[in-house]
Amino acid sequence: MQKPNLSIDHSWTLFLDRDGVINVHSEGYVNNIKNFIFIDGVLEALKKLSNIFGKIIVVTNQQGIGKKMMTVEELHIVHEYMLKTIKQNGGRIDKIYFAPHLESENSQYRKPNTGMALHAKQDFPEIDFKKSIVVGDSLSDMQLGKKIGAYTVYVGKPLTTYDPLLIDYIFSSLYKLSEMLNNNSLI
Ligand SMILES: [Mg+2]
């Protein structure tokens with residue numbers, strides 16, 4: 001597949017999925033900070049990425065709230081911990097959007113739908129989806145990315161086959177992506 005040569009600067013936005021990209025994807029819901037385990041290298045990656053991208057936005061499906069497995073307050077505590085730790089390590093997240101809806105509700109807000117990205121664009125009109133990269137470990141992240149016209153980076157379990165129209169790049173982790181971008185070699 002022919003890759004575009006992306007020259008990424010501060011006018012670009014990085015959209016990150018949370019579970020499986022920033023923290024270890026666990027079986028249960030992450031309803032307290034003990035269950036929130038940063039993936040190895042992710043804090044260093046976020047430091048590098050913070051120097052490259054103008055905006056870093058987290059978009060995360062959290063249907064555990066809809067299922068009453070956790071409360072919005074518990075989610076906020078986890079996110080405060082995540083933001084604080086990222087900041088202490090030299091990185092930043094500009095804003096977190098979460099979709100509390102059940103999958104069965106088919107909400108426009110919940111990935112693979114685009115509600116959270118559109119909300120971010122409302123809050124930060126300078127976001128240009130054509131100069132955006134969506135990183136995730138699920139197909140629904142890739143679908144959101146393509147619906148808004150962004151580039152997509154898959155960092156999930158190894159795939160035997162995939163749709164090149166849905167996935168632009170594959171990396172083993174956010175850290176690997178940050179290394180490549182730091183060397184300006186995402187071509
Ligand atoms: Mg995920």
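**Helices, cores and a magnesium site in a predicted model**

Ser 140 sits in helix α5. Helices here are DSSP runs of H or I with at least four residues, strands are runs of E with at least two, and both are numbered from the N terminus. The model is predicted: local features need pLDDT of at least 70, side-chain atom pairs count only at pLDDT 80 or more, and totals for chains, interfaces and linings use all residues. Residues are numbered from 1 along each chain as its sequence is written, and side-chain values use heavy atoms, with hydrogens and water left out.

Ser 140 is buried, with a relative accessible area of 17%. Buried means under 20% relative accessible area, exposed means over 50%, and partly exposed lies in between (1.4 Å probe, protein chains only). Residues up to four places away in sequence set aside, Ser 140 touches Lys 111 and Pro 112. A contact is a pair of heavy atoms within 4.5 Å.

The protein chain as a whole has six helices and six strands. From the N terminus on, the order is β-α-β-α-α-β-α-β-α-β-β-α. The radius of gyration of the chain is 15 Å, close to the 16 Å that the globule rule gives for 187 residues, so the chain is as compact as a globular protein of that length. This radius is taken over C-alpha atoms, and the rule is 2.2 Å times the number of residues to the power 0.38. The C-alpha trace spans about 45 × 35 × 35 Å along its principal axes. Buried residues make up 49% of the 187 residues. Among contacts between residues at least 6 apart in sequence, 64% join residues at least 24 apart.

A magnesium ion is held by three protein donors: Asp 17 (OD), Asp 19 (O) and Asp 137 (OD), at 2.1 to 2.2 Å from the ion. Donors are N, O and S atoms within 2.8 Å of the metal (3.2 Å for Na, K and Ca); water is not among the atoms, so sites may look incomplete. The donor residues follow the spacing D-x1-D-x117-D. Asp 19 lies in the loop between β1 (13-16) and α1 (42-52), and Asp 137 in the loop between β4 (132-136) and α5 (139-147). This pair links parts of the chain 118 residues apart. Both Asp 19 and Asp 137 are buried.

The largest nonpolar core has 33 residues, of which Leu 16, Phe 53, Ile 133, Val 135 and Leu 174 touch the most other members. Such a core is a set of buried Ala, Val, Leu, Ile, Met, Phe, Trp, Tyr and Cys residues joined through side-chain atoms within 4.5 Å. Helix α1 gives the most to this core, with six residues. A second, separate core of 15 residues includes Val 59, Ala 99, Ala 117 and Ala 150.

Ala 117 also belongs to helix α4 (residues 115-123), where Gly 115, Met 116 and Ala 120 are buried as well. The buried residues of α4 pack against β1, β2, β3 and α5.
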